[in-house]
Amino acid sequence: PKTDVVFLKVHKSASSTVMNILFRFGETHNLTFAFPLGGGYQLYYPHHFLASFVQGFSPRSPRRFNILCHHMRFLQPEVQKVVPSSAIYFSILRNPVQLMESSFVYYKGASAFSRVRSLEEFLSQPYRYYNPASGDRHYARNLMTFDFGFNPDGEVSPERVQLMLKAIEASFDFLLISEYFDESMVLLKEMLCWDLDSVVSFPLNSRDSSTKSPLPDSVVEKLKAWNRLDWEIYTHFNRTFWERIERDIGRERMRREVKALRERQAELARTCLQGTGSVAPKDIKDSSLRPLQHGGARILGYNLKQGLDQELERTCRRLVTPELQYSSLLYKKQFPPQPP
């Protein structure tokens, strides 16, 4: 199994669920994480990543970490200073139309969104609300482009787009697609030589469907145009994702593997969870399993069954522990607080 991994955690793309998979794998195999200084949750995002943002990094000591997976704005030469040269780089993408709809609800406080009632209103005159100079502009335009380290307001000439796609291909071994999450997990397992249980998950940081609304076609087209760079990244890597599956796994085996993954997930859900799955924040009984609520979204969580034996309780709890709590837990394990 590959143990050195860089995951670029792109916002609003099922990346918290992937992070949980990496946390569990790292914890099980006693791996080290490149944590933000002081145990924070982001690597000084939205600044471009610097090695000095990582707790325990020193330019004088050649210490390397196994897993880098907290939110960052990608800058490969700096990333290379904190992970082994053999590290596998991957990320996950989401259709920019759904991504922006999610971003609008989640980052309602961002300067570009705070004065509008709806995404349609924003898109009718984006430059009335969007300021390319504001520090949080990236939440409102080409968020994936920004996370990969590029300029979200860059020009959209075919040459520019090609350079960007080539740069991403040169840095990343593979990109997953959140709309095909189960297929993505099978590909991840394949690329990292992991076993099935390592990539089983329950959706984390997902929001209640009551805050979701379908978008009219006219808005969808405007969204694609406004997020044109993201759209180019997504369509290109959605295509190469399926090409890779054809080449490395084959459709038939992929179907079998996805079926096995879903069966295992259903079995774990029956074993671990009360009821049929995720519940509203107010219904989560154990406060340590309550996810952070943000913006206008209602982030769902889980209740564990009572009376599980110790080993099983531990397995189940890890599957449903929200990102911030899990991150804190692992940070304290890796950097135990010094007794006074």
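This is a predicted model: local features need pLDDT of at least 70, side-chain atom pairs count only at pLDDT 80 or more; totals for chains, interfaces and linings use all residues.
Residues are numbered from 1 along each chain as its sequence is written. Local features need pLDDT of at least 70, side-chain atom pairs count only at pLDDT 80 or more, and totals for chains, interfaces and linings use all residues, while side-chain values use heavy atoms, with hydrogens and water left out.

**Exercise 1. Determine the strand order of the sheet, and state which strands stand at its edges.**

Step 1. Helices (H or I, at least four residues) and strands (E, at least two) are DSSP runs, numbered from the N terminus. Two strands pair if DSSP finds at least two bridges between them.

Step 2. The four strands form an open sheet in the order β2-β1-β3-β4, and the pairing is parallel.

Step 3. The edges are held by β2 (67–68) and β4 (174–177); each has a single partner strand, so one side of each lacks a neighbour in the sheet.

Step 4. Four bridges join β3 (residues 88–93) to β4 in the parallel sense. Within this pairing, S91 has L175 of β4 as its bridge partner.

Step 5. Helix α1 (residues 15–28) lies across β1 (5–8), β2 and β3, and runs at about 160° to β1. Here axes are lines fitted to C-alpha atoms, for helices over the stretch in contact, and angles run from 0 to 180 degrees between N-to-C directions.

**Exercise 2. Describe how α8 and α12 pack, and classify the residues of their contact.**

Step 1. Contact means heavy atoms within 4.5 Å. From α8 the contributors include M185, V186 and L187, and from α12 they include M254, V258 and L261.

Step 2. By class, this contact has six nonpolar, one polar and seven charged residues (Ala, Val, Leu, Ile, Met, Phe, Trp, Tyr, Cys and Pro count as nonpolar, Asp, Glu, Lys and Arg as charged, and the others, Gly among them, as polar).

**Exercise 3. Characterise the two largest pockets and the largest cavity.**

Step 1. On a 1 Å grid over the protein atoms alone, a cavity is a set of points where a 1.4 Å probe fits but cannot get out; a pocket is an open set with protein on both sides within 12 Å along at least five of seven lines, and lining residues have an atom within 4 Å of a point. Grid points are joined across faces, edges and corners, and a volume is the space filled by probe spheres set on the points.

Step 2. The largest pocket holds about 920 Å³. Its lining comprises 43 residues, with K12, S16, L204, N205 and S206 nearest the centre. The lining divides into 21 nonpolar, 15 polar and seven charged residues.

Step 3. The second largest pocket holds about 260 Å³. Of its 15 lining residues, R24, T28, D197, T315 and R318 lie nearest its centre. This lining has five nonpolar, four polar and six charged residues.

Step 4. The largest cavity has a volume of about 30 Å³. Helix α3 gives the largest share of its lining, four residues.

**Exercise 4. Locate the cis peptide bond and the positive phi.**

Step 1. The bond from Y45 to P46 is cis, with omega near 5°.

Step 2. Y44, although not a glycine, has a positive phi of about 50°.

Step 3. P46 is in the loop between α1 and β2, and Y44 is found in the loop between α1 and β2.
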